[in-house]
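Please read this report with the sequence and the structure side by side. The sections below take up a helix and a sheet, and then a group of aromatic rings.

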Amino acid sequence: MDENKIKFFSKSGNVLIVFSISGYKEDTDSIRGNGAYAIVRNKMNVFKELKTPFGISVLVTKKNWKTVSSPSFADDVINWGAYQIFYSLYGMLGRSPKKQL
């Protein structure tokens, strides 16, 4: 998403982009692929610099639940500039769910 689109969303007044992460770098990259955390955090920084509201969605797993439910994680999310945080519990669905999560 380029800066022009971010500015467009900022002016619309009724759109909230939600970034999906799984905690910090290690947890996010282990689920979403190497470098995913850095890409998302960089975009969050652009949104914050442009004063464009955004939220985050956090995938909660048996490995990260203590981290993402901690007060320090919530403080970090606020400092990153997020206006909302959504928590999604990982549930094994489908024919080949990832049981290790």
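## A helix across the sheet

In this predicted model, helix α5, made of residues 71–80, lies across the strands β1, β2 and β3. Relative to β2, helix α5 runs at about 150°.

## The sheet itself

The three strands form an open sheet in the order β1-β2-β3, and their pairing is parallel. Because β1 (17–21) and β3 (84–89) each have a single partner strand, they stand at the edges, and one side of each is left without a neighbour in the sheet. From one strand to the next, the twist averages 25°.

The pairing of β1 with β2, which covers residues 54–60, is in the parallel sense and extends over five bridges. Within this part of the sheet, I17 has F54 of β2 as its bridge partner.

## Aromatic pairs

Since F19 lies in strand β1 and F47 in helix α3 (residues 36–49), the pair ties together parts that are 28 residues apart in sequence. Are these two residues buried or exposed? F19 is buried, with a relative accessible area of 11%, and F47 also counts as buried, at 1% relative accessibility; the cut-off for buried is under 20%.

The rings of F19 and F54 have centres 5.5 Å apart and planes at 75°, so that this pair, too, is edge-to-face. The pair links distant parts of the chain, with F19 in strand β1 and F54 in strand β2, 35 residues apart. With a relative accessibility of 0%, F54 counts as buried.

## One cluster

Taken together, F19, F47 and F54 form one aromatic cluster. F54 thus has a place in two parts of this account, since F54 is the bridge partner of I17 in the sheet and its ring forms an edge-to-face pair with the ring of F19.

Methods. Residues are numbered from 1 along each chain as its sequence is written. This is a predicted model: local features need pLDDT of at least 70, side-chain atom pairs count only at pLDDT 80 or more; totals for chains, interfaces and linings use all residues. Side-chain values use heavy atoms; hydrogens and water are left out. Two strands pair if DSSP finds at least two bridges between them. Helices (H or I, at least four residues) and strands (E, at least two) are DSSP runs, numbered from the N terminus. Axes are lines fitted to C-alpha atoms, for helices over the stretch in contact, and angles run from 0 to 180 degrees between N-to-C directions. Contact means heavy atoms within 4.5 Å. Buried means under 20% relative accessible area, exposed over 50%, partly exposed in between (1.4 Å probe, protein chains only). Rings of Phe, Tyr and Trp (its six-membered ring) pair if their centres lie within 6.5 Å; planes under 30 degrees apart count as stacked, over 60 as edge-to-face and the rest as tilted.
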